[in-house]
Amino acid sequence: MSEASTLLTISAAAAAGALLGLLFFQGLWITIRNLQSVRHPAVLMLGSLLLRFAVVLGGFYLLARYGGWPHLLAAAAGLTLVRVLLLRRKPPPGLEPEQKP
């Protein structure tokens, strides 16, 4: 495989990881928003967690099987980058930077 095609497939794996990250964290956001409106929030949390893990692990499995460990590493980097960018956009309560008067 040529160097250009290797770089292209690794970039595609990073993009796939970023897409998996967006799906994972969007699913988490939707779950958190709906917790107060359901009768059994623990069931919603557990079901959502299992579904989100299944999607991400399935995607990582396919990348590892057909691309190998460099593609898996690129996908993990893409997912982590999405997490970092989302936390910068909206930090969780208690982690916001202090505002000076």
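**Exercise 1.** Work out how α1 and helix α3 (residues 69-89) are oriented, given that they pack at an angle of about 45° with their axes 7 Å apart.

*Solution.* Before we start: this is a predicted model, where local features need pLDDT of at least 70, side-chain atom pairs count only at pLDDT 80 or more, and totals for chains, interfaces and linings use all residues. Residues are numbered from 1 along each chain as its sequence is written, and side-chain values use heavy atoms, leaving out hydrogens and water.

Step 1: Helices are DSSP runs (H or I, at least four residues), numbered from the N terminus. Axes are lines fitted to C-alpha atoms, for helices over the stretch in contact, and angles run from 0 to 180 degrees between N-to-C directions.

Step 2: sort the angle. Under 35 degrees counts as roughly parallel, over 145 as roughly antiparallel, 65 to 115 as roughly perpendicular, and the rest as oblique. α1 and α3 are therefore oblique to each other.

Step 3: look at who touches whom (contact means heavy atoms within 4.5 Å). Among the residues making the contact are Ala14 and Gly17 of α1, and Ala74 and Gly78 of α3.

**Exercise 2.** Now do the two pairs that involve α2.

*Solution.* Step 1: α1 and α2 pack at about 175°, with axes 10 Å apart, so α1 is roughly antiparallel to α2. Residues of α1 including Phe24 and Leu28 meet α2 residues including Phe53 and Val56.

Step 1: for α2 and α3 the angle is about 150° and the axes are 7 Å apart. That makes this pair roughly antiparallel too. Val56 and Phe60 are among the α2 residues here, and Trp69 and Leu72 among those of α3.

**Exercise 3.** Which helix gives the most to the nonpolar patch?

*Solution.* Step 1: list the members. Leu19, Leu22, Leu23, Leu51, Val55 and Leu86 form this patch on the surface.

Step 1: assign them. α1 (3-34) and α2 (41-67) each supply at least two residues, and Leu19, for one, lies in α1.

Step 2: α1 gives the most, with three residues.

Conventions:
Patch = residues over 30% accessible without salt bridge, like charges linked within 9 Å, V, L, I, M, F, W, Y side chains within 5 Å. Areas by Shrake-Rupley, 256 points an atom, 1.4 Å probe, with all protein chains shown as cover. Salt bridge = Lys/Arg side-chain N within 4 Å of Asp/Glu carboxyl O.
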